[in-house]
Amino acid sequence: MIEKPQIEMSSEETAEPIRDNPRKPEMTDRQPRPRRISGKVHLMEDQPAKPKSGANRMPAVPKKRATERQRGERPEQRELEQRKPQRTERLGYVRLRVHVQGGEMSVLDIASVEGPLVAHEALHGDYAYEVIVSGKRVASGSIPDAGVMRSFPHPKPAKGQEGHHFTPATSFDFLVRIPKSLVSESKLRRVQIPVYRIKEGPLPQTEGPEPLAERFERQLREVGRLHGVDIDKLPKSSQARARNALR
Amino acid sequence: MADSVTQILASGPPGTKKNIAVLGDGFAAGADQTTYNNKVQELLIDGVFGHDYFYEDAQAFNIFRVNLISNQSPVSVRVYDEHGTPTDASDDTIVSTTLRDTALGYIFSGSWAHCWLEPGANTSTRVQNALNTWVPDYDLVLIILNDPRYGGCGGGGFQIVPLGVNWTVMAHEFGHGTGGLADEYCASPNAYTGGEPGQVDLTINSNRASLKWGNFVAPATPLPTGTGACAGFTAGPRPAGWSDDQDVGLFEGGGTVSLGIYRPVINCRMRSNSPPYCPVCYTQMKRTMDPYTQHTFLKCYAGDFNGDGKDDVLIHNGNSILIYRSNGSQLDIAFSAVERVPGSWQFQPDDQFYVGDFNGDGKDEVVVYNSSNWAIEYLGLLADNGSGGLHLIARFDDAMPGWQFQRDDRFHVADFNGDGRKDLFVFNGDNWSIPYLGMLRSTGSSFTLAHRYDANMPSWQMRPGDQHFVGDFDGNGREDLWVFNGGDWSIAYLGMLSSNGSTLAMSHRYDANMPSWQMRPNDQHFVGDFDGNGKADLYVFNGDDWSIAYLGMLSSDGSQLSMRHRYDGNVPGWQMRKHDQHWLADIDGNGKADLFVYNYQDWYSEYLGTMRSDGNALSASWRVDWIGEWNLGAVDRFEPCNFEGVGGRRDLFVHNHDWFGLIRATPGLTLERLYYRWIHNYRYGRNW
């Protein structure tokens with residue numbers, strides 16, 4: 001008989017037990033019959049004999065086992081020897097240093113960094129960027145604290161010297177990070193990197209391909225855009241490193 | 001001496017963390033480098049990352065200290081004639097410039113209107129070269145100049161400071177650089193005339209319903225709370241116990257102006273450096289850095305780490321641990337360690353933690369074992385460092401005299417010699433040609449092998465599938481060993497081996513049956529003194545091998561067991577099911593071991609219950625689906641504990657990836673406190 005599933009627990013002391021395994025027996029006081037393992041009955045001995053010597057044994061216990069008194073810093077723990085990852089397995093990202101001057105954006109250098117990347121972050125502060133490859137957002141991030149030089153507050157300020165002294169920066173750099181698997185030299189030529197002023201923030205971290213401008217239309221205003229990155233137009237000193245990074 | 005780099009905070013791969021690069025300028029080889037290193041330590045490690053927000057979120061950051069050797073020391077200096085107008089740089093003239101051959105070429109002037117310092121002709125290139133050469137990636141750059149005066153210039157992710165600044169200034173500046181926070185001080189008497197600021201900590205909106213930090217404002221707090229130039233609390237008398245940095249309202253003045261704009265608290269770190277971040281700024285920092293801390297609540301361990309009788313919690317994430325201390329109803333940060341603790345235990349994702357009072361000082365210590373993340377196995381003992389944290393007092397690398405650690409070693413905490421210090425049983429049935437069991441006696445500061453059993457214990461042939469439990473079944477103060485094997489033999493066995501402090505003797509072995517209990521492979525055992533007579537008894541549950549679920553209470557007379565009560569299908573108040581999970585507890589604090597019970601699989605909704613022992617029988621009660629605001633689910637994990645400090649073990653830490661809760665079971669199951677993503681006690685409001 002298939003039991004009708006019960007959906008709510010009863011607190012009644014006289015509630016019927018639930019039969020979760022109706023094909024199995026109920027517990028009795030009978031001595032169970034030993035089951036056979038690979039056709040044989042294996043029972044534990046009452047006074048097991050000492051094991052015979054053999055391979056893969058722990059070294060014998062030393063007769064003297066003095067308590068080791070330990071002091072000070074211990075040496076570094078020994079790293080595992082890592083298998084060198086295959087090229088296809090290698091995680092990594094490229095970092096573009098973008099220069100902003102007089103409203104114009106240019107890339108100063110491109111570097112390769114090993115390891116995984118948090119490709120999207122919460123957007124806060126005044127500016128944010130996103131990276132669009134083939135219409136899809138592949139990275140996005142904040143540009144905090146950009147475009148200003150701020151002198152630290154004077155500890156004993158004269159009148160007018162309270163707080164920071166702000167000087168607009170004539171230029172500034174920010175960093176763009178893109179997972180390596182999503183860019184190549186040819187894709188980089190077609191990449192779009194819009195920069196937005198954050199009108200209403202902060203904005204939560206969002207994943208997915210939808211461009212920020214569509215997702216946060218009301219909160220973001222585009223103030224600049226980098227249309228493609230041509231390595232030949234990078235400073236000469238950066239070109240070899242950039243090509244290397246994209247390999 | 002050549003240039004070099006040292007990673008002084010190593011939290012993880014650079015692409016998953018915020019990376020701080022520290023460079024020095026004007027520091028020659030030798031003593032100057034010590035000065036520089038000490039300043040980095042003082043400013044960042046002991047200062048910024050030694051306090052409040054940055055302390056608890058240190059795992060979001062890497063710090064790379066670059067030692068650049070300058071040919072000359074100290075840094076270049078310039079003297080301006082400010083012509084009596086120190087706030088206006090445009091009429092200043094240079095009196096003198098002393099240029100030195102330094103690594104980066106900065107020139108310190110001490111003139112506020114000149115940002116206290118300025119770059120030299122090639123400074124930008126040199127800084128970039130240094131960064132490209134020495135750090136894999138960077139988000140924030142701190143440049144320390146060898147000049148003893150105060151000053152500093154920030155912006156665009158760079159902070160350039162001389163030696164005269166302290167860490168609180170840096171913590172304020174990092175609020176700009178990492179959290180996008182605005183200044184909350186009022187330097188100018190002017191009024192703000194712009195629109196709604198984008199930063200989280202400034203507003204022109206005084207409407208309670210739409211105020212962007214309204215969730216942190218208590219209903220009784222008047223809005224605006226302070227009006228007038230750079231106001232404090234002006235809307236009536238300041239309430240008793242009001243905190244100027246943690247109680248949130250609406251205070252006029254901020255963003256460097258005095259009127260027409262509001263800040264959340266009277267005095268946040270973004271106003272005057274020294275106080276901690278206010279709830280609004282703190283929450284912004286936490287949210288911004290959340291993807292970089294990569295913290296979860298998945299690995300939590302209860303223990304009374306300060307000996308106040310209340311259980312605290314240790315949370316392990318990757319290469320970090322955090323300890324939060326209980327005050328009876330909430331948790332507060334007590335300790336944060338990233339990558340390692342002093343004495344040198346380097347944390348890794350597969351670290352296994354075992355909590356117990358291993359030195360008998362009334363505080364819990366932590367044994368930590370790692371057998372998979374390193375080239376060899378490591379076992380460490382972490383103890384109180386005297387200031388609420390942990391440090392390593394003993395470590396065994398690969399082996400200790402008489403025991404060779406292996407990948408599948410399994411540990412059980414028990415005071416087997418009755419000296420008040422917890423010891424360890426260690427068993428390995430997988431990695432050798434025969435099974436081994438070791439008794440590792442604690443000396444209080446280390447461990448020594450008391451005895452080792454190779455293949456056999458008295459009257460027990462060890463097998464890989466042996467399961468071990470600990471409990472003093474003979475009531476002599478020494479915790480004994482219980483061993484069960486239901487799968488490796490033709491019948492199931494349970495052994496009760498009593499400890500004399502250094503060896504074990506078989507007190508009783510049950511073959512196939514215990515009194516009124518037919519043993520089966522899927523029996524689950526819980527050793528606890530359910531009748532409160534000082535002798536550990538046995539709960540045994542089986543929900544798999546029979547048509548109905550069974551729970552047995554077998555009491556110990558000191559050498560063997562007798563069935564006190566067997567429940568067939570139901571414990572009064574609880575219908576037992578196949579997937580019931582149990583945890584030992586002492587819910588009413590009467591010294592009789594009870595059970596927590598949970599089932600999320602067999603009913604339409606999740607059930608959490610208690611089964612209380614009166615010494616002879618159990619009575620159960622439960623809650624379904626919700627415990628207060630906690631929505632019970634399949635992903636929940638439970639740690640029985642005593643965070644209230646009232647005796648017994650009547651509480652639960654409940655946790656999953658994102659949520660952490662404190663559940664009390666007395667008088668009924670209720671949620672005491674709930675945390676989301678991070679543990680922080682807001683004076684009003686919360687972060688979700």
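In this predicted model, the contact between the two chains draws on 126 residues of chain B and 101 residues of chain A. Together, chain B and chain A bury about 9,900 Å², and carbon and sulfur atoms account for 50% of that area. On the side of chain B, the three residues that supply more than any other three are B:W112, B:S490 and B:S547, with 8% of the area that chain B buries against chain A.

Between chain B and chain A the count is eight salt bridges. One of them joins B:E173 to A:R150, with 3.0 Å between the closest N and O atoms. Polar contacts across the interface of chain B and chain A come to 71 residue pairs, with both residues at pLDDT 80 or more. Which element gives the largest share of the side of chain B that touches chain A? That element is helix 4 of chain B (residues 167–179), which contributes eight residues. Sorted by class, the side of chain B that touches chain A holds 55 nonpolar, 51 polar and 20 charged residues.

The two chains also meet through their strands. Strand 5 of chain A (residues 148–151) pairs with strand 9 of chain B (residues 153–155) in the antiparallel sense, over two bridges. Here A:S151 stands opposite B:C153, a residue of strand 9 of chain B.

B:C153 has a further partner to look at. A disulfide is a covalent bond between the sulfur atoms of two cysteines. The whole structure has two disulfides over all chains, and one pair that forms a disulfide is B:C115 and B:C153, with sulfur atoms 2.0 Å apart. Why is this disulfide right-handed? The torsion about the S-S bond of B:C115 and B:C153 is about 90 degrees, so the handedness follows from that value. The pair links distant parts of the chain, 38 residues apart: B:C115 lies in the loop between strand 6 (107–108) and strand 7 (117–118) of chain B, while B:C153 lies in strand 9 of chain B.

Finally, here are some backbone features to check in chain B. Most residues other than glycine have a negative phi, and most peptide bonds are trans.

B:P224 is in the loop between strand 11 (186–191) and strand 12 (251–254) of chain B.

B:A455 is not a glycine, yet its phi is positive, at about 75 degrees. The place to look for B:A455 is the loop between strand 29 (447–454) and strand 30 (456–457) of chain B.

Conventions:
Residues are numbered from 1 along each chain as its sequence is written. Chains are lettered from A and ligands numbered from 1 in the order in which they are written. This is a predicted model: local features need pLDDT of at least 70, side-chain atom pairs count only at pLDDT 80 or more; totals for chains, interfaces and linings use all residues. Side-chain values use heavy atoms; hydrogens and water are left out. Contact means heavy atoms within 4.5 Å. Buried area is the accessible area (1.4 Å probe) that two parts lose on being put together, summed over both. A salt bridge is a side-chain nitrogen of Lys or Arg within 4 Å of a carboxyl oxygen of Asp or Glu. A polar contact is a pair of N or O atoms within 3.5 Å; within protein, one must be able to donate a hydrogen and the other to accept it, and residues adjacent in sequence count only if both atoms are side-chain atoms. Helices (H or I, at least four residues) and strands (E, at least two) are DSSP runs, numbered from the N terminus. Ala, Val, Leu, Ile, Met, Phe, Trp, Tyr, Cys and Pro count as nonpolar, Asp, Glu, Lys and Arg as charged, and the others, Gly among them, as polar. Two strands pair if DSSP finds at least two bridges between them. A disulfide is a pair of cysteine sulfur atoms within 2.5 Å.
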